[in-house]
Every structure is written in structure tokens, then in C-alpha cells.
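Good morning, and thank you for joining this group meeting. Please turn to the sequence and the structure, which I shall now present.

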Amino acid sequence: MPGALDGIKILEFTEIIAGPFGGMLLADMGADVIKVEPPWGDPWRHAFPIEPGESKTFMSLNRGKRSLPLDLTKQEGRDVVYRLVPHMDAVIINYRPDVPYNLGIDYETLSAINPRLIYCENTAFGRNGPHSQRPGYDIIAQAMTGILASEDKINNGVPQQVTSTPVADFSTALAAAWSVCAALFHRERSGKGQKIETTLLGSALAVQSMRFMEVERTDSESRAEFYESLKVMQEAGVPYEDMHSFYREHFDRRRASSLQVYYRTYQAADGVLAVGCLSDPLRKRLIDVLGLAIYDLSRTTTYAAGVPAGPVRFVEELVNDEQVVSNGLVLELEHSVVGKVKMVGPMLKMSETPLEPTIASPALGEHTDSVLTQYGYAPKQIRELRELGITR
């Protein structure tokens, strides 16, 4: 049964995490995603490689795509793109704002070729404001949006990044896939393509919506006092660790006091247990189960029905976890270079248009011939592009 995006064609000009994962989500839904890479490949191919040009990081973010290496610094490479664009439904791109113009793959150029094109551009900080032209990665977005400060991970006096997952990158990928689907639906009704802009900045703030929100009558005065005090400390050169303690004292302790018992982890006799009870009935149930002895270390990680709780696990354990496997969240694929791989399967299910990925991430240039042949290139022309170093 075909996926929801069966027949949709997407050109992807992306590297590292946000753009590639967004494209993979669309590929999981059946879109034909052509990943345009420089002749040396996406940099993530070379991060702790298993084989030359093949790394777990790259493979985990690029399944279901076809690889087409192109040197876009040369006119011949751009000409290939211009030949493909009339057949495309969407473009996903995540470069610094000036790069698409330098490479001739900006929205104005490509939409002039195909007015129905949906063009999703991701940048670090957006196209306006003093930081619009700056490059940025997940750790920078974490720093500039308060995520680092909110984690309470201080080492040698400075905040540490969220290392379990690049929060800004992955949330941006979800935004990109979501917005492309919405734009495709709008085009079905209007016949018009459009430009989409996603940012690491916006995504990192969106996932902190509760902290970001300010209610004028309850927050304005308190926050103004905090800003003024913080400014004085910064100008005085107060160490970050002291400023962070002041922040926690001002905001978090009052907010968290009611959750200290009911939303936290506990050491039990056979492991660590996480408990989350966010309503009065659930809190009462927790107290009943524990017999008020919530600090009793003889308790076990075996938890009573009806109390939201679970053991603290390492993610590597979950590849063979019964619950994970039972819900189809482990996907086995055959990679053309490294062989059999297991990875996280699609995060959602659709009854009429199922997500059924069958192709692992592509080797660099694995689909050059098939893609170019599909769009009218003769074998001799493909050979000439390789001889010129335009593709491989």
C-alpha cells in the first residue's frame, strides 16, 4: 500500500541533522527524496565512519533517499539542478542564508523555474535581525535560547549542552516535514507553491513554551527585577555559576516545589525509577502504593498499575525491548555497504497510508546513474559529468 506522499518528488540540499532528518520523515511517508550532496559527501558521512563515507550518524538520518553528488560551485552542476527542478514538488535546504544565492539554488531562482515549487529553507537564526547571517549549530541554539541554562548541568563553572539529543535540530526537522506537508495540501487547493522558513532559534524556543511564556500581571515585574540584577552581575564579571544559582533561586525553586515528590526519580533496591504524577488522583495513588514511605530504598522498580512510572533505561537496551519491538519501532534494513542495520522505525502509524521504509541510507553516488537517466541524461552525458568532476 503506497504511503501518503507517494508520487511526491523532493530535492534535498541538506547536511548534518535538521535538514536530513526532515527529509527522512518525508521519505518514510513515500516521497522520492533525492539528496544532493557535494562530491565528497555530507560531512556527517565522515563522523566516526564504519566504512569510508558511511557512519552511523549519517545512516540514522538519511534512510529512504537517493544520493546525487553534484558540484554546485560549477555551472554544469547547477544546470543539472535546473533540469530536475521542473519535475520537483519540494526543495529542502539548510545552509547559511547567503549560500543558496552563491550556489544559484535560492528560492527566487528555483521558483522562477517552477512556480508550484514548495521551498523549505532552514537557517540558524532566521533572515531578519542582527544575527541573521551567522552560521549556527544545535549547541549554539541551545545556548542562545536558554536550554543550556535550564538544564542545571554545570562543569568547571560553565553550562553543558544537552548531549542526549540535539533538541533544536530534531524539533526543526519535525517542523520542516510538518510544514512541507501543509504546503502540499495548500497547493492542492490553490495551485500555488510557496516559501517556508524554519529556524533552530524558533524551534528551540517552541519546545520551551512554558518557560518562555510571560503573563503581564504575574510575571512582568518579577522578570524586570531579574533582568536588572542579571545585568548588574554581568557587568561586574560575576562567574556564570553564581548567576545560574541566582536564576534558579528566582525562577525554578518556587515552580518546582510542588513537584519534588511526584515528578522525579527514585533509587529503588533494583534500579532507578521515574515517577510522574501530575494530577491529584494520581498523586494519591502514588502515596497509597508507597505507603507514604517514598524514600524507602527497599522499594522496587516493579510499579503498581495506574501509577505513571518506569525504570530508567539506556537507549541501547531498547533495540531488543519487548514494548519497543511490539509497536514496530525497530526497523531492520540492508545497507549496500555495511550490510544489515537496525534503527528506529517511523514514530507514527497510519491505517490507510502506512509508513513502510524499505531502503537504507544511500552510499555516496549510489543513485547518480538512475536519477540522471530518469530525467533525460544519456550515458555519454553522465560520463562527461563524471570526467568534469561535477558528479561521481
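I begin with a term: a residue is buried if its relative accessible area is under 20%, exposed if over 50%, and partly exposed in between, with a 1.4 Å probe and protein chains only. Helices (H or I, at least four residues) and strands (E, at least two) are DSSP runs numbered from the N terminus. In strand 2, residues 32-37, five of the six residues are buried, so the strand is largely enclosed by the rest of the structure.

What we see is a predicted model, in which local features need pLDDT of at least 70, side-chain atom pairs count only at pLDDT 80 or more, and totals for chains, interfaces and linings use all residues. Residues are numbered from 1 along each chain as its sequence is written, and side-chain values use heavy atoms, leaving out hydrogens and water.

Let me stay with strand 2. Strands pair if DSSP finds at least two bridges between them. Strand 1 (residues 9-13) runs parallel to strand 2, and four bridges join them. Within this pair, L11 stands opposite I34 of strand 2.

Now the whole protein. It holds 16 helices and 15 strands, and its C-alpha trace spans about 80 × 55 × 45 Å along the principal axes. Of the 392 residues, 43% are buried.

I turn to the spaces inside. On a 1 Å grid over the protein atoms alone, a cavity is a set of points where a 1.4 Å probe fits but cannot get out, whereas a pocket is an open set with protein on both sides within 12 Å along at least five of seven lines; lining residues have an atom within 4 Å of a point. Points are joined across faces, edges and corners, and a volume is the space filled by probe spheres set on them.

How much space lies in the largest pocket? The volume is about 1,600 Å³. Its lining has 45 residues, with K56, S60, F170, V315 and V344 nearest the centre. Among the elements that give two or more residues to this lining are helix 1, helix 8 and strand 15 (339-344).

There is also one cavity of 30 Å³ or more, and the largest cavity contains about 40 Å³ of space. Its lining includes A18, C120 and T198. Helix 8 (167-190) is among the elements that supply at least two residues to that lining, and the largest share, three residues, comes from helix 8.
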